[in-house]
Amino acid sequence: MVTRAKVAIIGAGLAGAACARALSRAGFSVTLLEAADQPATGASGNPIGILHPLISKDHNLASQWVEIGMATTLRWLSELSDVARAQGIGTLGESCGVLQMNADASELVSWAPEGAWIKPARFVQACLADAAAHGAELVFGARAVAVDAQGEVSIHSRGGESHAQRFDAVVICNAADIHRLLPDAQLMLNSIRGTVSSYALPMERSLPTVICASGYATPVVEGEMVVGASYERIESDFDHEPDDSAQFRGQDVMEGVDEGDALSNLDRLHVISPSLAEICADLMPADRTSIRSATLDRMPHVGRVLDWTKPLAPSVSQIHQMPRCERLWVLGGLGSRGLSSAPLGAEVIAAQIAGQPAPISSRLLAAVDPTRFALRRHQRRK
Ligand SMILES: Cc1cc2nc3c(=O)[nH]c(=O)nc-3n(C[C@H](O)[C@H](O)[C@H](O)COP(=O)(O)OP(=O)(O)OC[C@H]3O[C@@H](n4cnc5c(N)ncnc54)[C@H](O)[C@@H]3O)c2cc1C
């Protein structure tokens, strides 16, 4: 595809903002469409998030993705710091180190000195400012209500008007609402509610690093410490297919953060630091609840979408044989790892749309390929 091709990006959270930056810098003519009146109103609007490794016994593909993703995000943090300063956005984040304990904090699992806290909404703002400086058009109050395989996007605007616009490529980054635009793409997404709690604390009470156990707690940043996060599945696009979903579960991943538990954030803090939890028990936290969109194998969706109109021939057995929509890409299912997945995912998609080699191995590309669940289902049915 030639550069200056017109690319629409749907959604202005971490995924959409990262794509806007990567694609506008790659020379594409970018239009970002966001339903809300401002960016980062979804999960990407949390006060502080953490950037930390994913430890697995065998350094599996999920761990490899997060490792490369973290390095990419840290590079972006450094590249964007001038933009943030010039725009008065404030500090985007800092590598303070992340201490990973086991679930009851009795044993050290790992220490990641490069691990960081990041303010996701500011990161989004900085990406969008950089994208705008590279010619991207940012349209707020514009909800994409339908997308067809030829790249036509139907848009409802805040004022009540509707129109359709044709693009050379469309990158769909609207998280939990992806299934509304791509109901037949077999992306197998869960919606998972989560709450983070912010406590106003003086600097002298600050943890020296981020600490993760059954939850996580950050150092005090600009007067607040953030503790997270609950993890409650509320909806999925495969609720009626229990046999299918079971097939995709279970990579050998030590998440550190036990996402299935029902602890409150104060209980999570108590595991990490009983003395801080005692202080916080007398404070009124500011809670923020939002929705994560996650796949069953916990890997994101990065790449070109399945062409659901084409039947799969029995001979199809490999990911590169899967039929795809020429003009539709997706960056979604970022789960609890939006900060490490969004910049890397955006760079992969920018390379793919430009027809350049992706910056990751073909095995990793296959692991995040948006057609992987359709292929697995096809293989089981043979
Ligand atoms: C409680 C909690 C704690 C978390 N902690 C961490 C953490 O510590 N570290 C980490 O890396 N990640 C963390 N995450 C995950 C991270 O926040 C997400 O992975 C990330 O924000 C997802 O970004 P996104 O752009 O895909 O989605 P979102 O931020 O949800 O953005 C989607 C955007 O699309 C827009 N949109 C929706 N539909 C349409 C439409 N039809 N047309 C136009 N626009 C539309 C929405 O308005 C929204 O702005 C956490 C998530 C939660 C819920």
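Trainee: Which residues in H2 meet which ones in H8?
Mentor: From H2, Val66, Ile68, Gly69, Met70, Thr72, Thr73 and Trp76 meet Leu339, Ser340, Ser341, Pro343, Leu344 and Glu347 of H8, where contact means C-beta atoms, placed from the backbone, within 7 Å. Helices here are DSSP runs of H or I with at least four residues, strands are E runs of at least two, and both are numbered from the N terminus. This is a predicted model, in which local features need pLDDT of at least 70 and side-chain atom pairs pLDDT 80 or more, while totals for chains, interfaces and linings use all residues. Residues are numbered from 1 along each chain as its sequence is written.

Trainee: At what angle do H2 and H8 pack?
Mentor: H2 (residues 61-87) and H8 (residues 338-354) pack at about 85°, with axes 7 Å apart, the axes being lines fitted to C-alpha atoms over the stretch in contact and the angle running from 0 to 180 degrees between N-to-C directions. H2 is therefore roughly perpendicular to H8, a label for 65 to 115 degrees.

Trainee: Switching topic, where does Thr209 lie?
Mentor: Thr209 sits in the loop between E13 and strand E14 (210-212), and leaving aside neighbours within four places in sequence, Thr209 is in contact with Cys96, Gly97, Val98, Leu99 and Pro219.

Trainee: So is Thr209 buried, exposed or partly exposed?
Mentor: Thr209 counts as partly exposed because it has 19 C-beta neighbours inside 10 Å, whereas 20 or more would be buried and 12 or fewer exposed.

Trainee: How far is Thr209 from Lys382?
Mentor: Their C-alpha atoms are separated by 51 Å, and the two residues are 173 residues apart along the chain.

Methods
Parallel < 35°, antiparallel > 145°, perpendicular 65-115°, else oblique. Contact = placed C-beta atoms within 7 Å.
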